[in-house]
Amino acid sequence: MSPAESRPSIQPYLKPQTVTPSLFWRLAEDIPKPLQTALIGASLLLPLLLWWLVTTLGNIDPKFLPSPAQVIGAFGRLWSTGELIQDTVASLGRVGLGFALTILLSVPVGVLMGSFASLRALLEPLFALMRYMPAPAFIPLLILYLGIGEEPKIALIFLGTFFFNALMVMDTVKFVPKDLIEATYMLGGTRWAILTRVILPHILPGIIDACRINLAAAWQLVIVSELIAANEGLGRRISVAGRFLRTDEIFVGLIVIGVFGVLFDLLFQYLLRVSCQWASQKT
Amino acid sequence: MFLEIHQLHKHFETAQGPLVVLQDINLGVQQGEFVCALGASGSGKSTLLRQIAGLDQPTAGQVRLQGRLVRGPGPDRGMVFQHYTLYPWMTVQQNTEFGLKLQGVPKTIRREQASYFLKVVGLTAYAHLLPKQLSGGMKQRVAIARALASEPKVLLLDEPFGALDIHTREAMHEFMLDLWQNTGLTIFMITHDVEEAVFLANRIFALGSRPGTVRQVITVNLPHRHRGIKRHASFHDYRDELMDLLRQHGQEALVGL
């Protein structure tokens, strides 16, 4: 800068902020493993501790908030009569069938919609509309068309997840690099070869992830579906327990449902890791 | 003429009217030649290569390979893209075999063919790795092996070394020259890198921009090419001439300015 151009410095106006180093508040960075384990443990144990404290020390009607001990007792009761297992198996069966149907149909439809703009234009508007119609609203129609057996329940789970899953699978296709598809043409690939040998393997991690997310939704719909004249099932158990104010049984039902939800999630995460090692970030 | 481009025009329809990308392209390539289409951005060189590859159709004019009209993509024109385009879920070996697999070549034969070309590009030791475990230069060599495995009539290179750092790029130049001298393949490369073109090509088609036309065809007569040729006076002459050409025809210099 030439001497004639000397300007006053900006320094007096700058207020330097120092960022104090912190373990807990590291921004967008990993925390040390022991701290992470401790925090995860705390997230499960602290609510449990709080629950136990409140029910032991407070003067709360067990019909309002049962203690952990009472819930464990209810668990034992339902287990020994075999009702819990029966309910769990029934609910798992419904979710299994309904969601299997969803996967079977939504994956091919989603892939086709994602790959062919023509099919997408044909189906997407309808799917987008159906996606926003809440599945429970279909219950009267389903009972009318399918009766009150297992069929309407499975249909409900299917309806509530198929459109979401198809649209999510459709979206994964757009991330297949165009270069990759063109390279396949240059190697002598047909459209069918590109669909099955390039697009499908490329979007497999995306499909597994979409299924993981939508299984959670399906599992929630189990409860709703069991409002349709079910004889057993976790959702059924909760609504019956509710009617008789057996709050401890409600808690058992909720916890079992929650635990299974987490198990499904972990299962899909494992599936993803094992089948798509090429897709992980680290070498 | 082995590869012939005759009166090629290409324009795209845009909201502002037709955009002429290529105009009056006439050029021929003899079998065994290494030619380069050199131009700055906007010269339509990528579009030109895509016409030869069959990934795109000209608005007017023809591309003929050994007299036959090019109508669509196919393995007789092996293509190497700028961004590798390896299949990330396949190993190096599987990637190299893939073109053959698509064409129904029996397993033992395609394995042997792929292994041969992996040896040619020097990657035998890496056959069972995934692309993400390879460096950029290695990935590009796999892409080349994959294209070569189908024994194409012409190898099309789309700015193949643009994504590499300069050291890798220079190593790849020597590799490419070796490969060409050993296989006698016909090669059509597009690039904006003047030195790359002068080092590798027999003939250079200097393209003008907007619309893309062939402004000049330069035959590169250099003595035996090797790494040291880049210090030769005649190399500098060709480079300077081409740099001036590109600048002169009102192209935005990707090389400076």
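Two strands are taken to pair if DSSP finds at least two bridges between them. On this basis the predicted model contains, in chain B, an open sheet of four strands in the order β2-β1-β4-β5, with antiparallel pairing. In β4(B), Leu65(B) is the bridge partner of Leu3(B). Strand β1 of chain B, residues 3-14, runs antiparallel to β4(B), and five bridges join the two. On β2(B), the residue that stands opposite Leu3(B) is Val29(B). Here β1(B) and β2(B) are again antiparallel, joined by nine bridges. The edges of the sheet are formed by β2 (17-29) and β5 (68-69) of chain B, each of which pairs on one side only. Helix α1(B) packs on this sheet and touches β1, β2 and β4 (60-65) of chain B; the direction of the helix makes about 65 degrees with that of β2(B).

Leu65(B) has Arg68(B) as its bridge partner in β5(B). The two strands form a hairpin with two residues between them, and Gln66(B) in the turn has a positive phi of about 50 degrees.

A further open sheet of chain B has six strands in the order β6-β7-β8-β3-β9-β10, and its pairing is mixed. Its edge strands are β6 and β10 (213-219) of chain B, each pairing on one side only. From one strand to the next, the twist averages 20 degrees. Within this sheet, strand β3 (residues 34-38) of chain B runs parallel to strand β8 (residues 186-191) of chain B, with five bridges between them. Leu38(B) stands opposite Thr191(B) in β8(B). Helix α4 of chain B, residues 136-148, packs on the sheet and touches β6 and β7 (154-158) of chain B; its direction makes about 170 degrees with that of β6(B).

In chain A, the description turns to packed helices. Helix α6 (residues 150-173) of chain A packs against helix α8 (residues 191-225) of chain A at an angle of about 155 degrees, and their axes are 8 Å apart. Angles over 145 degrees count as roughly antiparallel, and α6(A) and α8(A) are therefore roughly antiparallel to each other. The crossing of α6(A) past α8(A) is right-handed. The contact of α6(A) with α8(A) comprises 16 nonpolar, seven polar and one charged residues.

Helix α6(A) also packs with helix α4 (residues 117-131) of chain A; the axes come within 9 Å and cross at roughly 135 degrees. At this angle α4(A) and α6(A) are therefore oblique to each other, and α4(A) passes α6(A) in a left-handed crossing. From α4(A), the contact is made by Arg120(A), Phe127(A), Met130(A) and Arg131(A), and from α6(A) by Phe163(A), Phe164(A), Ala166(A), Leu167(A) and Met170(A). By class, these are seven nonpolar and two charged residues, with no polar ones.

Helix α7 of chain A, residues 178-186, has Ile181(A), Glu182(A), Ala183(A), Thr184(A), Tyr185(A) and Met186(A) buried. The cover over the buried residues of α7(A) includes α8 of chain A, and also α1 (45-53) and β6 of chain B. Just after α7(A), Gly188(A) takes a positive phi of about 100 degrees.

Between the chains, 20 residues of chain B are in contact with 14 residues of chain A. On the side of chain B that touches chain A, the elements giving two or more residues are β6 (77-80) and α2 (92-102) of chain B. The largest share of that side, three residues, comes from α2(B). By class, the residues on the side of chain B that touches chain A are 11 nonpolar, seven polar and two charged.

Elsewhere in chain A, Ala279(A) lies in the segment after α10 (247-275) of chain A. Ala279(A) has 17 other C-beta atoms within 10 Å and is partly exposed. Ala279(A) and Leu200(A) are 79 residues apart along the chain, and their C-alpha atoms are separated by 14 Å.

Notes. Residues are numbered from 1 along each chain as its sequence is written. Chains are lettered from A and ligands numbered from 1 in the order in which they are written. This is a predicted model: local features need pLDDT of at least 70, side-chain atom pairs count only at pLDDT 80 or more; totals for chains, interfaces and linings use all residues. Axes are lines fitted to C-alpha atoms, for helices over the stretch in contact, and angles run from 0 to 180 degrees between N-to-C directions. Angles under 35 degrees count as roughly parallel, over 145 as roughly antiparallel, 65 to 115 as roughly perpendicular and the rest as oblique. A crossing is left-handed if the near helix is turned anticlockwise from the far one by less than a right angle, and right-handed if clockwise. Ala, Val, Leu, Ile, Met, Phe, Trp, Tyr, Cys and Pro count as nonpolar, Asp, Glu, Lys and Arg as charged, and the others, Gly among them, as polar. Two residues are in contact if their C-beta atoms, placed from the backbone, lie within 7 Å. A residue is buried if 20 or more other C-beta atoms lie within 10 Å of its own, exposed if 12 or fewer, and partly exposed in between; C-beta atoms are placed from the backbone.
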